[in-house]
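I opened my notebook on a new model today. Here are my entries, in the order I looked things up.

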Amino acid sequence: MSSTSFVREREHDDGVLERDSKRPKINDSQAAPTDVDDEAEIEIVEETPYILPPSHSLLGVPPPTVIEGRAINFLETDVGISEYVGRGVSKIEGIIKQRFTDFLVNEVDLDGNVIHLKSLAMPESSKKNPAERANAAPTSSTSEPADTKPEVKMPKEPWPESFNAELAPYLSEAAISQLKEMFLQGPEPPRVPDSGWGGRTGKGSTEGVSSSAEEISSAEPESNDRGKRGRGRGRDRGRGGRGGGRGGGLAREDHRKIVSEPIGSKETRTAFHQIIRELFGGKLDSETDTSAPATDEGSRIVVKWSRRGVGRGGRERRDGGGGSERAPRGTFPPYIHFTLQKTNRDTQDALSHLSRMLKVNVKDLSVAGTKDKRGVTVQRVSLKRNNKTVEDVWNLANAVTNGRKSAEEAVKERGERGVRIADFNYRKASLELGLLKGNAFVITLRSVQVDSMETLDKALNIVKNTGFINYYGMQRFGTASVPTHAIGLALLQSNWQKAASLILQPRHGEHPDVETARNAWLVDNDLDKALSLMPRRVVAERCLLESYKKQKGDTRNAMGALSTIPRNLRLMYVHAYQSYVWNAIVSERVRMHGAEKPVVGDLVFEVDPDAQREEDGEALTDNENEDATGHLALSNRARKKLARKPWSPPQVKTLTEEDLNKYTILDVIMPLPGTDVAYPGGQLGDRYREFLKIDGLDPDNFVRKQKDYTLSGSYRKILHRPTAMTWSVMRYTDPDVPLAQADEDKLLGFDPPVIDEQGKFMALQINLTLGTASYATMALREITKTETSSHYQTGLTNAAEDQKYRGVADGDIEIDQRTAVVGDAEDAEMETV
């Protein structure tokens with residue numbers, strides 16, 4: 001039974017941005033521009049199911065208007081985003097992401113290096129035997145081809161006098177003497193004679209410390225022969241089975257090490273690690289001493305032999321330590337890393353495209369973090385190469401292998417479908433989510449209107465010096481008519497049928513192929529037709545339909561059908577609900593207490609996890625060899641060290657009156673709902689629990705029978721301050737003229753920025769670097785005090801004055817004949833790529 005009613009179009013707030021503490025005031029300035037008169041009566045079809053969480057009623061805003069035949073347009077306030085740090089600063093009008101190059105993102109790796117495309121040319125694998133290369137740099141992650149990597153030139157003497165001088169700032173004379181003795185003994189510890197077989201030495205072995213390079217080299221050929229005789233009988237074994245034979249037994253455990261005095265300065269410790277690498281070419285390892293806790297004086301550094309195949313006195317073993325020599329292709333490290341630039345594609349879509357081009361499983365590709373769809377983003381990707389070389393990957397990715405392009409054409413044209421890969425390296429380990437420090441952004445706001453330059457500088461300096469509210473941005477919740485957090489709540493409620501129904505529900509304005517496929521199932525109940533029409537990129541929907549097909553059209557096992565959706569995609573829905581609750585409670589906290597200082601009841605870390613990770617990871621990065629670009633990388637060995645440390649929830653404390661002068665607002669954290677988290681004290685904690693209870697969840701029990709949906713809670717700082725931020729004002733007339741340049745275009749010489757000092761319109765270009773999981777759009781929101789939802793920004797673009805001047809720079813059109821192009825923000829192509 002349906003009914004109709006008449007309501008006004010929902011409006012949004014503006015002005016001085018003052019709001020009642022219980023119910024925000026709403027007016028018309030931030031409603032997306034529309035052809036519908038604000039005073040017009042609009043017919044609403046109320047039979048459309050209410051899909052937002054029940055806790056939406058606690059946000060103090062009316063639900064979105066449901067208009068027949070139109071998309072449901074969600075605003076920031078619908079996902080808990082409502083407050084500002086600089087509430088007294090005037091609004092700055094500006095358009096975000098008008099062109100793809102108006103939003104450039106470059107990943108920042110763990111060493112603080114900003115990732116850029118550097119060369120589009122075909123890479124070349126080393127012509128040198130890869131096994132020899134691996135021995136020449138045993139600890140390296142081998143990023144560049146070996147013959148381009150600077151070789152570590154060991155001195156002719158095993159221990160020249162210069163070593164003593166280089167080590168003197170870090171070690172005592174006694175420690176240097178012990179280090180020299182250990183180095184000259186070689187990687188194998190001296191044998192300890194006894195009355196049994198353990199004390200017997202092989203025929204060609206030498207006892208004690210070798211005194212010269214000649215003596216060392218004389219023993220090498222026999223060692224190599226023994227290795228060859230041991231082929232096929234086990235790794236590092238000699239001729240005869242388990243014990244080896246004639247001196248070829250298993251390597252003895254080496255307890256030798258040199259320990260420095262405590263070193264208080266991190267810079268000094270880093271320099272010490274670097275000296276050990278440079279002097280000994282990776283043959284010795286240095287790492288922070290974890291056998292005893294660090295003191296106020298600092299941490300001690302341990303130096304010991306690397307266990308990666310070097311001979312006595314630092315000489316390299318030519319047999320690879322195991323005897324047999326594998327084919328060159330098989331001896332390259334198992335992963336290839338490369339840099340990916342993508343334009344107007346989300347990360348998973350770009351990886352799926354690459355997997356098809358490279359003829360690999362998409363699971364063989366991994367990244368350190370996902371990037372925005374709408375913009376041009378650059379990041380590192382790792383590929384489990386499965387015997388492919390860097391040349392193979394380059395040829396496949398550039399369509400050279402199948403003959404569609406020549407190698408010359410590949411370096412003169414943009415990458416196919418907005419995807420370009422370059423800068424290939426061999427590496428020992430794959431990338432994993434979280435192995436990055438943040439992202440560097442170059443963001444251009446167009447059609448900027450502000451009452452004065454003082455207002456502009458004030459708004460920008462607030463973000464630079466104080467920060468912005470660390471909200472989860474609108475892209476976290478999707479741009480379609482069914483927000484991802486609504487699906488996430490259904491999954492947490494174990495309401496499987498509702499979750500599946502929401503995923504399959506029609507979305508206004510989506511691609512016609514997807515719309516037709518949905519209708520084939522939802523209207524015609526034709527499962528085969530729906531599957532044949534549904535594009536493969538629409539992953540979740542296809543998984544559900546394929547599961548229903550296996551069940552012969554039976555849809556009762558919705559939980560089983562949902563389980564066929566890739567785990568990371570299912571968790572995306574659940575994490576979106578966590579983000580929604582976090583946003584809402586942080587807004588409550590800022591409304592109650594402002595965003596200037598901590599208050600009693602706030603939560604802070606007792607030990608900041610970021611600082612702890614930096615200390616824990618110092619030795620794990622510093623004792624890894626650099627690659628040819630000077631970068632350090634966590635190897636599998638380093639990751640195993642990290643993995644040995646059992647996970648424990650971070651320790652937090654609730655602030656009392658006595659604690660307030662010890663912390664700043666930048667220290668205050670807010671939990672994401674889940675297990676092992678503490679809720680803030682007082683009224684805010686009560687409000688947090690109220691949000692969860694009204695959504696049918698137990699605040700103290702997030703354990704589920706289906707382990708994938710057991711939420712492990714975490715914490716997030718309520719404010720984030722950029723690590724770096726600069727800005728500049730420029731002028732332009734034609735909105736189609738680029739004001740920033742993507743990496744690929746720089747290398748190709750395409751579309752350089754064109755700044756017109758006499759231009760009719762103002763643009764603001766902001767360079768800022770943010771930590772992981774922070775949203776640049778939320779920084780822009782703080783600056784402009786403008787709604788960031790995609791439909792609203794599309795409306796601003798279409799209504800902007802500069803749209804009348806599109807193409808003027810090329811002389812293609814008459815100004816008064818040009819009209820704005822209206823389109824959906826998710827699908828509109830604002831730039832040709």
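**Contacts and overall make-up.** I began with contacts, meaning heavy atoms within 4.5 Å. Among those between residues at least 6 apart in sequence, 76% join residues at least 24 apart. I then looked up burial, where buried means under 20% relative accessible area, exposed over 50%, and partly exposed in between, with a 1.4 Å probe and protein chains only. Of the 833 residues in the protein, 52% are buried. I found 23 helices and 20 strands; these are DSSP runs numbered from the N terminus, with helices being H or I of at least four residues and strands E of at least two.

**Ground rules.** I noted that this is a predicted model, in which local features need pLDDT of at least 70 and side-chain atom pairs count only at pLDDT 80 or more, while totals for chains, interfaces and linings use all residues. Residues are numbered from 1 along each chain as its sequence is written, and side-chain values use heavy atoms, with hydrogens and water left out.

**Confidence.** I looked up pLDDT, the predictor's confidence in each residue, from 0 to 100. The protein has a mean of 77, and 72% of its residues reach 70 or more. I marked residues 128–154, where pLDDT stays under 50 and the model has 72 contacts beyond four places in sequence. I also marked residues 813–833, again with pLDDT under 50, and with 40 such contacts.

**An open sheet.** I traced four strands in the order β15-β14-β16-β17, with antiparallel pairing; two strands pair if DSSP finds at least two bridges between them. β15 (652–654) and β17 (714–717) are at the edges with a single partner strand each, so one side of each has no neighbour in the sheet. From one strand to the next, the twist averages 50 degrees. For angles, axes are lines fitted to C-alpha atoms, for helices over the stretch in contact, and values run from 0 to 180 degrees between N-to-C directions. I checked β14 (residues 603–605) against β16 (residues 668–672) and found two bridges, and valine 604 has valine 668 as its bridge partner in β16. Helix α17 (residues 567–593) packs on the sheet and touches β16 and β17, its direction making about 145 degrees with that of β16.

**Cores.** I looked for nonpolar cores, which are sets of buried Ala, Val, Leu, Ile, Met, Phe, Trp, Tyr and Cys residues joined through side-chain atoms within 4.5 Å. The largest has 102 residues, and Leu491, Leu545 and Leu562 have the most contacts inside it. Its largest share, twelve residues, comes from α17. Apart from this core lies another of 24 residues, including Phe332 and Val381.

How many residues of α22 (residues 776–784) are buried? I counted nine of its nine. These pack against elements including β4 (103–108), α10 (453–465) and β20 (761–771). Just after α22, I saw that lysine 785 takes a positive phi of about 60 degrees.

Threonine 788 is in the loop between α22 and α23 (790–799). I noted that threonine 788 counts as buried because its relative accessibility is 11%. Its side chain makes a polar contact of 2.6 Å with that of glutamate 76. Such a contact is a pair of N or O atoms within 3.5 Å; within protein, one must be able to donate a hydrogen and the other to accept it, and residues adjacent in sequence count only if both atoms are side-chain atoms. Leaving out residues up to four places away in sequence, threonine 788 also touches Ile96, Met474 and Gln793, among others.
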